[in-house]
Amino acid sequence: MLDTNGTATFFKVTVMLENGEPVFSYTDVDGKPATGDVQITEAGTITYQLIDRTGQGLKFVGAAFVTPFDGIVDAITLSADGQLLQIIDLDKTIGCTKFQFVLSNSTNTLMVLSPDPEVINRPK
């Protein structure tokens, strides 16, 4: 899990196929393996960049939250090309929220869901 003091946090989300099934892996800004989980201690933005190694034309279309009304995450934004997803966290609410990335593909109309990273707020 990456601890951050706010401002900006960056992850690359690489998706590959193993036996036809999408497999997600995360690396931090230095290219080191990561879980994708973030512990926030002040307001900031978490950016996820999609690296599609499936050949299926994956794009971020959103993020689905288990508890979307808990106030832990404040908003998400998407780049026009679907390659970047940003989570805006003002760090006003203590707690943890789980989410899954929702991705489209160019092969069919079905959506792809990621395993669930977490955002954990622990204000100072």
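## Aromatic pairs

In this predicted model, ring pairing gives a count of six aromatic pairs. One of them joins Phe-11 and Tyr-48. The two rings are stacked, with 5.3 Å from centre to centre and 15° between the planes. Phe-11 belongs to strand S2 (residues 7–18), while Tyr-48 belongs to strand S6 (residues 44–52), so this pair ties together parts that lie 37 residues apart in sequence. Are these two residues buried or exposed? Both Phe-11 and Tyr-48 are buried.

Another pair is made by Phe-99 and Phe-101. This one is edge-to-face. Its centres are 5.3 Å apart, and its planes make an angle of 85°. Phe-99 has a relative accessibility of 0%, so it counts as buried. Phe-101 is buried because its relative accessible area is 0%, and the cut-off is under 20%. Which residues do the ring pairs link into a cluster? They are Phe-11, Tyr-48, Phe-60, Phe-65, Phe-99 and Phe-101.

## The nonpolar core

The largest nonpolar core holds 21 residues. Val-13, Tyr-48, Phe-60, Phe-101 and Leu-103 have the most contacts inside it. Which strands each supply at least two residues of this core? They are S2, S3 (21–28), S5 (38–40), S6, S7 (59–65), S9 and S10. In soluble globular proteins, nonpolar side chains tend to be buried together.

Setting aside residues up to four places away in sequence, Tyr-48 touches Phe-11, Val-13, Tyr-26, Gly-36, Val-38 and Phe-60, among others.

## The overall fold

How many helices and strands does the protein chain have? There are zero helices and twelve strands. Read from the N terminus, the order of elements is β-β-β-β-β-β-β-β-β-β-β-β.

The protein chain has 124 residues, and 40% of them count as buried. Now take contacts between residues at least 6 apart in sequence. Of these, 62% join residues at least 24 apart.

## A hairpin

Strand S8 (residues 75–78) and strand S9 (residues 84–89) run antiparallel. Four bridges join them. Which residue in S9 is the bridge partner of Ile-76? The partner is Ile-87.

S8 and S9 form a hairpin, with five residues between the two strands. Gly-82 sits in the turn and has a positive phi of about 75°.

## Two single residues

Thr-14 lies in strand S2. Its relative accessible area is 14%, so Thr-14 is buried: the cut-off is under 20%. Beyond its neighbours within four places in sequence, Thr-14 is in contact with Val-23, Phe-24, Ser-25, Ile-51 and Arg-53.

Cys-96 is found in strand S10 (residues 95–104). Why does Cys-96 count as partly exposed? Its relative accessibility is 37%, which falls between the cut-offs of 20% and 50%. Cys-96 and Gln-39 are 57 residues apart in sequence. In space, their C-alpha atoms are 8.8 Å apart.

Terms used. Residues are numbered from 1 along each chain as its sequence is written. This is a predicted model: local features need pLDDT of at least 70, side-chain atom pairs count only at pLDDT 80 or more; totals for chains, interfaces and linings use all residues. Side-chain values use heavy atoms; hydrogens and water are left out. Rings of Phe, Tyr and Trp (its six-membered ring) pair if their centres lie within 6.5 Å; planes under 30 degrees apart count as stacked, over 60 as edge-to-face and the rest as tilted. Buried means under 20% relative accessible area, exposed over 50%, partly exposed in between (1.4 Å probe, protein chains only). Two strands pair if DSSP finds at least two bridges between them. Contact means heavy atoms within 4.5 Å. A nonpolar core is a set of buried Ala, Val, Leu, Ile, Met, Phe, Trp, Tyr and Cys residues joined through side-chain atoms within 4.5 Å.
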